[in-house]
Amino acid sequence: MKHTLRNVFHSPRFLVGFIIFMSILLTVLIYPWFVHRDPLQGLGKGFLEPGTYVSVYDTNNAGTYRVELPEANENRLESTIPVKDRQTMLDFLKAKGVDVSALDTSNEKFHELIEVWKENYDEADAKKNKYEGFSTQAKRNELRRLNNRLSEDTSAAMSVTKGEGDAATTTAVAGSDYVKVDEVANSINLPLGTDNFGRDTLTELVKATGISLLVGLIAGSIATALGLLVGLLAGYVGGILDDILMFIANIFTVIPGFVLLILIYSALGAESRGIVTCAVIIGITSWVWTARSVRSQVISLRNRDHVNLSKLSGHSLFRIVTTDILPYIASYVVMAFILQVSSGILAEAQLSMLGLGPNPNELPTLGLMMNWAKLFGAYTSSNAWWAYFPVILMIALISFSLNLMNTGLDQVFNPTLRD
Amino acid sequence: MTKGMKKYFKKKIFWFIITFIAAVILNFILPRLMPGDPVNSIVGKNISPGATQEQVQEQMAYYQHQFGLDKNIFGQFWDFVKNAFNGTFGVSYSQYPRLVSDIIGSSIWWTVALQLPAIIVGWLLGNLLGALAAYKRSFYDKALMPLTLFFSAIPAFGAAVILLVIFAVTLGWAPVNGAFDPGMIPSFSWKFISSVIAHYQLPFWSIVLISIGGQAVGMRSMSIYELNADYVKYARFLGIKDKKIVRYVFRNAMLPQVTGLAMSIGSMVGGALVAETIFSYPGLGMSMYAAINSSDYPVISACTLIITVMVLIASFLLDIIYAFIDPRVKAAQFD
């Protein structure tokens, strides 16, 4: 046993898969200690982009500090002069005959654009020469206003009123006034933004990963246990029991598991589909392959000498199965279990995408998150990558790690596959 | 035909019939356990707001009679079997009075035209890549294996979503959904056909990509297993040319892959479900999705029955073909 475990952990594939899987599991377990938010609580309306959100109201009440950033003014202009106005600047420069081939309206080129503009724009000159496209008074006024905005000193450009009625005081806010984010009463960091319900996607994703792993684990355990039991009984006991069990298994093989799942799930209705119910149903529709392989392996073991010896010694059926047969198929059962967990998670996700998932009002799952992303147009109209891409990545990582562990085990236990 | 062969076929046909009956019964019972009365929702949709209680009752009775729901469960089962055999599958609940066969008939060809070429192309490319990977092992194992393992772990719907976002939404190379421009009426004009082709690309390539991954991994491990088999070593000792050995090896490695192809063609309708719902492709998967969301159980039953029967036929044919092409099965079954 110790030797086998050491061999398994020496397999690089198994190790990498194990580390990835364990880090996902640890994240799921540890994350709730640090973030106490309810994963289904809506924080806002609709998709919010990832980032830190600071309350505008509360920034007024936080202390102000003087910070002089060398490029503060340029950065401010970048965020206040829209692309449309930048295009007007370019058009004017072009009309004046300045070479603007190296410039465009992007943020990277904006500094250069301002420099060139300041060199070339002159109010009196624009009035006198009437450049093409800028000959009317209205156009010239637009240019003048744009120029004022560009050369304006942004310090003391805003004032804030605090308090009510007579007690109200108005203070000027200078361009170099800063607040410390920790001191603002309300701010929230949303590394993955929010989904369509305004839920914090990261918290939801962690919770959903946990639930999906649970679904996979329950489904995998049930499928493996059922498959093992049926396979052992059919293979070892044989006879009429074998015929009956294989009859049932045959029906389950030919009717596709996914179809059966769709039929059972829709028969249940959304309200009665809890997480555990879903997992159990996935489990009881996917035991067949395990049962078949266990059965065929048991049949080949049944007539080995050590089993016959055990029989002659008068050992009980239970003892023969547990000591003489199970150890030989244990490695196979472990590998089958890993694959069953992975396919259980996938089955839940696919069913949820069809609108047949667990009750959506109770807990999030990875499949439900994909379904919401689809229903609320995260791929198309809202273009909210944070609502679906991390989910796909998480599903891929889980099945990748489980597959790696499986191939690693395969290489250890089937020496013919080894290099 | 030998005696053993006859016995083998008899056994197979017996199983085919038994599982078919079980499938029909399951397809009948399970959707009928769905909560919610379908007649209620239809009457609720169609009746005028000022209707009296009596009118509502009358309408309910009318629809119940139309759908045969006033009969007992055996009468309903008889209707179900009769409708399944005459090919109409009864009347749809959500699109009353449309026949289920009409709904399925208008969508199944989209599924077949999308899936069949995609599965075959994916199968061919996947096997080629898998065989190549097995033959040139050192290069592939070091460079590509971990990558392939990761990409084959991406679920089918995830890959479809990523393709959709990259090529349709961001780059705008392909339309986002549907099988043709919604403003067009199906006809044999050049404009319509080009629209169909443009809408075909994304779902097609997403299915091809997904099946390449699975097939390549399977073909690679089968080929490696065969390359290490004793007969290969023996052939090498005999001095048979490598080229000739490789041909034998890949022919043997192909056998399980043929099973894979037949099964994926058999289960193509079921496999289409997720891809079709993501691309809103108007195939059978989409019809089934709509039926699930509107509790239209004649349509659900018909779709699942079609899927089951296709899988049944595929596995039955496979059993028969295998009996002839695989000498091991031949030896085991015919004696």
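**Stop 1: chain A.** Bear in mind throughout that this is a predicted model. Along the principal axes, the C-alpha atoms of chain A fill a box of roughly 115 × 55 × 45 Å. The radius of gyration of chain A is 33 Å, whereas a compact globule of 419 residues would have one near 22 Å. Of these 419 residues, 34% are buried. Among the contacts in chain A between residues at least 6 apart in sequence, 73% join residues at least 24 apart.

**Stop 2: chain B.** Select chain B next; this chain has 15 helices and zero strands. Chain B has 335 residues, and 36% of them count as buried. For contacts in chain B with a separation of 6 or more, residues 24 or more positions apart account for 72%.

**Stop 3: the contact between the chains.** Show both chains and select the residues where they touch. Chain A gives 33 residues to the contact, and chain B gives 39 residues. On the side of chain B that touches chain A, at least two residues each come from α1 (3-32), α7 (145-153), α8 (156-170), α12 (268-279), α13 (284-293) and α14 (297-325). Colouring this side of chain B by residue class shows 29 nonpolar, 10 polar and no charged residues.

**Stop 4: one helix pair across the contact.** Keep α11 of chain A (residues 257-268) and α1(B) in view. Two packed helices are described by the angle between their axes and the distance between the axes. For this pair, the angle is about 25° and the axes are 7 Å apart. The helices α11(A) and α1(B) are therefore roughly parallel. Show side chains for L263(A), I264(A), S266(A) and A267(A) of α11(A), and for L26(B), L30(B) and P31(B) of α1(B); these residues make the contact. By class, the residues where α11(A) meets α1(B) comprise six nonpolar, one polar and no charged.

**Stop 5: the nonpolar cores.** Which residues have the most contacts inside the largest nonpolar core? They are L261(A), Y388(A) and A160(B), and this core has 137 residues. Select helix α9 (residues 201-237) of chain A, which gives the most to this core, with 15 residues. Then centre the view on A160(B). Apart from its neighbours within four places in sequence, A160(B) is in contact with S206(B), A275(B), I278(B) and F279(B). A second, separate core has 13 residues, among them A134(B), V217(B), I224(B) and A253(B).

**Stop 6: S280(B).** Move to the loop between α12 and α13 of chain B, where S280(B) is placed. The phi angle of S280(B) is positive, about 50°, although this residue is not a glycine. Is S280(B) buried, exposed or partly exposed? S280(B) is partly exposed, because 14 other C-beta atoms lie within 10 Å.

**Stop 7: N252(B).** Finally, select N252(B) in helix α11 (residues 242-266) of chain B. N252(B) has 17 C-beta neighbours inside 10 Å and so counts as partly exposed.

Key
Residues numbered from 1 in each chain as written. Chains lettered and ligands numbered in written order. Predicted model: local features only at pLDDT ≥ 70, side-chain atom pairs only at ≥ 80, totals over all residues. Contact = placed C-beta atoms within 7 Å. Helix = DSSP H or I, 4+ residues; strand = E, 2+ residues; numbered from the N terminus. Nonpolar A, V, L, I, M, F, W, Y, C, P; charged D, E, K, R; others polar. Axes fitted to C-alpha atoms, helices over the stretch in contact; angles between N-to-C directions. Parallel < 35°, antiparallel > 145°, perpendicular 65-115°, else oblique. Core = buried A, V, L, I, M, F, W, Y, C linked by C-beta atoms within 7 Å. Buried ≥ 20, exposed ≤ 12 C-beta atoms within 10 Å, placed from the backbone. Rg over C-alpha atoms; globule rule 2.2 N^0.38 Å.
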